[in-house]
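This briefing goes through one protein chain, topic by topic. Please keep the structure in view while reading.

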Amino acid sequence: MYAASSSVSAPPRSLHPRPGGGGPYLDPARSAAPALGAGRARRAAGIGTQPLSGRLDLSGPQGAQLRTAIASVHRICPEFSPVQVLRRSGRSVLLVGTTGRSTAVAKCLLDHSPVWAERIRHEIAAYRTFVRQRPPVRVPRLIAADPDNCTLVVERMPGRAAALQRHPTEAPPRADIRAAVAAICRLNSWRPAAGSFDAPLDYAARISRYHELGLLTDRDLGDLQKLLHGIAATAGRQGMGQFCHGDALLSNILLSPAGPVLVDWEHAGWYLPGYDLATLWSVLGDAPVARRQISQIAQSAGPASRDAFLVNLMLVLTREIRTYETAVQRSMHDTAPTAPGMAHPGAAPSGEEQRLLLRRLHDDCQLARRAVRAAVGTR
């Protein structure tokens, strides 16, 4: 899954931003996308700590799964005393508990299929790297881990999630967005030692796959390949790899007085510049000012940085469209509220919200598509 791409590598030196690099290629202010939550009362700034999702119930089949998970935790952290279920999906469970005087979170895999097992092992490797090399952002401290049994225990960090949904139906407070963007930019400037992380995304393969699935047109395929070719040529001279969280959703950023905390490191590694910023851009459909600022930051290092951001944005938006189209289709034939891979803190979007979200994502993708074509025209 974590195949390296020749166009993504650790550059020998960082790119130097130049002023006025925002350019005309991506202007979210022109988007006609509907603002989700329009007409609703704004929530107060400071949304409060995310509530726990359930009590610890060890009865029935699900209780048996919890008992197995707790046994896995006790093998590597005998002092862990589970208190509540923090989050549960079909593939994993998060347990909050105590270890002595501290509070900890245990993540246990329930679905041990190769894809999910590889992801949690990747996350464990990331936390072990953070013990030796501290990133410039706050991350939970590693307490114990067992990659063979896919079990991870980290400290529970104080704070509230910047958003409780993958795609917030209302724009978070501007101060929260600024804090999240600043933390991501600090992380993206980090240069971990060579060999510490790989490149989780094979860009050429992902583009071809989306084209084969009918998610990208023939012209999309050609345009994105042209941008990748240009980026690769630039990478040969100065390097274009950037360290990214890989899943920089607002729900994976905790805000506290001591500063933002980034959690869920399953996809961390080297990407083309702007991958994390593209992820943030994609979920801020109700925050056009923040989108414009993110676009300017991502494109500030020149044409190659601009092209990398646009490639990332097309892939991120296409992935989101595919995910939510699957969810809408399932909601028409099933009672399940979300599709696998969409389980995040907070309530799942309703069927109508999913349809509105899909409409906005398609509009966003058209905006990104036009920006890609404009960028190709300058090469």
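Predicted model: local features only at pLDDT ≥ 70, side-chain atom pairs only at ≥ 80, totals over all residues.

Which residues in α6 meet which residues in α9? On the α6 side they are W281, S282 and V283, and on the α9 side they are R360, L361, D364 and L367.

**The chain as a whole**

- The chain has 379 residues, and 53% of them count as buried.
- Its secondary structure consists of 9 helices and 11 strands.
- Among contacts in the chain with a separation of 6 or more, 76% are between residues 24 or more positions apart.
- The chain has an accessible surface of about 16600 Å², and carbon and sulfur atoms account for 51% of that surface.

**Helices α6 and α9**

- Helix α6 covers residues 275–283, while helix α9 covers residues 351–377.
- The axes of α6 and α9 come within 10 Å and cross at roughly 135 degrees.
- The residues that form the contact of α6 with α9 are 4 nonpolar, 1 polar and 2 charged.

**Salt bridges**

- Side chains of opposite charge can pair when their charged atoms come close.
- The structure contains 15 salt bridges.
- One of them joins R373 to D220, with 3.9 Å between the closest N and O atoms.
- R373 lies in helix α9 and D220 in helix α5 (residues 218–238), so this pair, 153 residues apart, links distant parts of the chain.
- The R373 and D220 pair is part of a network of salt bridges that links R219, D220, D223, R369 and R373.
- R355 and E352 are 3 residues apart in α9, which is about one turn of the helix.
- R355 is partly exposed at a relative accessible area of 40%, and E352 is also partly exposed at 45%.
- E320 and R319 form another salt bridge, with the closest N and O atoms 3.1 Å apart.
- Both E320 and R319 are buried.

**P192, a loop residue**

- P192 sits in the loop between α3 (174–188) and α4 (203–212).
- Is P192 buried or exposed? Its relative accessibility is 6%, so P192 counts as buried.
- Which residues does P192 touch, leaving aside its neighbours within four places in sequence? P192 is in contact with Q133, F197, F243 and W270.
- P192 and R134 are 58 residues apart along the chain, and their C-alpha atoms are separated by 8.8 Å.

How values were computed
Residues numbered from 1 in each chain as written. Heavy atoms only, no water. Salt bridge = Lys/Arg side-chain N within 4 Å of Asp/Glu carboxyl O. Helix = DSSP H or I, 4+ residues; strand = E, 2+ residues; numbered from the N terminus. Buried < 20%, exposed > 50% of the residue type's maximum accessible area, 1.4 Å probe, protein only. Axes fitted to C-alpha atoms, helices over the stretch in contact; angles between N-to-C directions. Contact = heavy atoms within 4.5 Å. Nonpolar A, V, L, I, M, F, W, Y, C, P; charged D, E, K, R; others polar. Areas by Shrake-Rupley, 256 points an atom, 1.4 Å probe, with all protein chains shown as cover.
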